[in-house]
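Please walk me through this structure, from its side-chain contacts out to its overall form.

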Amino acid sequence: SREELHMASVHAQRTLCNVVGLEEEWATHVAALHDDLNLKEAVTARKAKEQHDAQAELLELLAQTEVLVEASSAKTLQKMQDEVAAVIPRGEAVEGVLAQALQGFAAAEARIEKEE
């Protein structure tokens, strides 16, 4: 009958409106998910760049530290060589004094033996 046809038409229109509403809702939801994904990708890219920059800075600091350690070691080695070089003449001077003292002791010992 006509009334049933009208009711079916109204029901179909409502169903169609519901479907269109759901499609719009899903489109909005998908757009929001897409925006979230883009945001997460941007955050991930930023964090990766920050980590890369931090690693580069750390490597630069490590290189600078190695240069400083090498320079410090070279200075320390040079200082030790200088100290040894300064001690050698003093050691030679002491050897000379000891040699003179031994000669004096030997001469005194020889005189004592002669007198006996």
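In this predicted model, the side chains of Lys49 and Asp53 form a salt bridge, with 2.7 Å from N to O. The two residues lie four positions apart in helix H1, so about one helical turn separates them. Asp53 has a relative accessibility of 36% and counts as partly exposed, because that class covers values between the 20% limit for buried and the 50% limit for exposed residues.

A search of the whole structure gives two salt bridges.

The chain contains one helix and zero strands. Its radius of gyration is 49 Å, whereas the globule rule gives 13 Å for 116 residues; the value is well over the rule, so the chain is more spread out than a compact globule. The extents of the C-alpha trace along its principal axes are about 165 × 25 × 5 Å.

How much of the chain is buried? Buried residues account for 0% of the 116 residues; a residue would need a relative accessible area under 20% to be counted as buried.

Charge is the remaining topic. Which residues gather in a patch of negative charge on the surface? The patch is made up of Glu109, Glu113, Glu115 and Glu116. Residues in a patch must have over 30% relative accessible area and no salt bridge, and like charges are joined within 9 Å. Glu109, one of the patch members, is located in helix H1. At 41% relative accessibility, Glu109 counts as partly exposed.

To put the pieces together, the model has one helix and zero strands, two salt bridges, and a surface patch of negative charge that includes Glu109 and Glu116.

Methods: Residues numbered from 1 in each chain as written. Predicted model: local features only at pLDDT ≥ 70, side-chain atom pairs only at ≥ 80, totals over all residues. Heavy atoms only, no water. Rg over C-alpha atoms; globule rule 2.2 N^0.38 Å. Buried < 20%, exposed > 50% of the residue type's maximum accessible area, 1.4 Å probe, protein only. Salt bridge = Lys/Arg side-chain N within 4 Å of Asp/Glu carboxyl O. Patch = residues over 30% accessible without salt bridge, like charges linked within 9 Å, V, L, I, M, F, W, Y side chains within 5 Å. Areas by Shrake-Rupley, 256 points an atom, 1.4 Å probe, with all protein chains shown as cover. Lys, Arg positive; Asp, Glu negative; His and termini not counted. Charge placed at Lys NZ, Arg CZ, Asp CG, Glu CD.
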